[in-house]
Amino acid sequence: MSRRPYTYVTLSLEPESTPHIGVSFHTPTLKVRAGLLLSSPRPYLELHSHEANVHISTTGAGPVTDADLNTAREIFTAAARYLADCEQLHAEQADKDATDTAT
């Protein structure tokens, strides 16, 4: 089964609750970049596709806090795990494809 690329965005609004936005990227057109806004200055991380953008920066767009450092470390750790999982699955798929082609 072949799946087509997509980006999925949801917005949940419930009375007397904080709105919740979910963004799921399942597309090869996803771009990721990071930088420093010189006018503030503050760091940012951006994920974007043709359909949606996600920007991450410091608390209240202000000075870097201990919580901001913890969030950045969690992003780094999660990205490293995602990379490792992708590399492992890609290698397993390549091995399976090579075996299927040989038979």
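This is a predicted model: local features need pLDDT of at least 70, side-chain atom pairs count only at pLDDT 80 or more; totals for chains, interfaces and linings use all residues.
View 1. The phi angle of Ala61 is near 55 degrees, a positive value although the residue is not glycine. Most residues other than glycine have a negative phi.

**View 2. Glu16 in the loop between S1 and S2.** Glu16 sits in the loop that links S1 and S2. Its phi is also positive, near 55 degrees, in a residue other than glycine. Glu16 is exposed because its relative accessible area is 88%, and the cut-off for exposed is over 50%.

**View 3. A nonpolar patch on strands S1 and S2.** Val9, Leu11, Leu13, Ile21 and Val23 make a nonpolar surface patch of about 490 Å². At least two residues of the patch come from strand S1 (6-12), and at least two from strand S2 (20-26). One of the patch residues, Leu11, belongs to strand S1. Leu11 counts as exposed because its relative accessibility is 54%.

**View 4. The open sheet S3-S4-S5.** Three strands form an open sheet in the order S3-S4-S5, and their pairing is antiparallel. Strand S3 (31-37) and strand S5 (53-57) are the edge strands; each has a single partner strand, so one side of each lacks a neighbour in the sheet. On average, neighbouring strands of this sheet are turned by 20 degrees against each other, with direction ignored.

**View 5. The pairing of S3 with S4.** Seven bridges join S3 to strand S4 (residues 42-48) in the antiparallel sense. Within S4, Pro43 is the residue that stands opposite Leu36.

View 6. Pro41 lies in the loop between S3 and S4. The peptide bond from Ser40 to Pro41 is cis, and its omega is near -25 degrees. Most peptide bonds are trans.

**View 7. The chain as a whole.** Five strands and one helix make up the elements of the chain. Starting at the N terminus, their order is β-β-β-β-β-α. The C-alpha atoms fill a box of roughly 60 × 35 × 25 Å along the principal axes. The radius of gyration of the chain is 19 Å, whereas a compact globule of 103 residues would have one near 13 Å. Of the 103 residues, 11% count as buried.

Technical notes: Residues are numbered from 1 along each chain as its sequence is written. Side-chain values use heavy atoms; hydrogens and water are left out. Patches are made of residues with over 30% relative accessible area and no salt bridge: like charges are joined within 9 Å, nonpolar side chains (Val, Leu, Ile, Met, Phe, Trp, Tyr) within 5 Å. Accessible areas come from the Shrake-Rupley method with a 1.4 Å probe; for residues, only the protein chains shown count as cover. A salt bridge is a side-chain nitrogen of Lys or Arg within 4 Å of a carboxyl oxygen of Asp or Glu. Helices (H or I, at least four residues) and strands (E, at least two) are DSSP runs, numbered from the N terminus. Buried means under 20% relative accessible area, exposed over 50%, partly exposed in between (1.4 Å probe, protein chains only). Two strands pair if DSSP finds at least two bridges between them. Axes are lines fitted to C-alpha atoms, for helices over the stretch in contact, and angles run from 0 to 180 degrees between N-to-C directions. The radius of gyration is taken over C-alpha atoms; the globule rule is 2.2 Å times the number of residues to the power 0.38.
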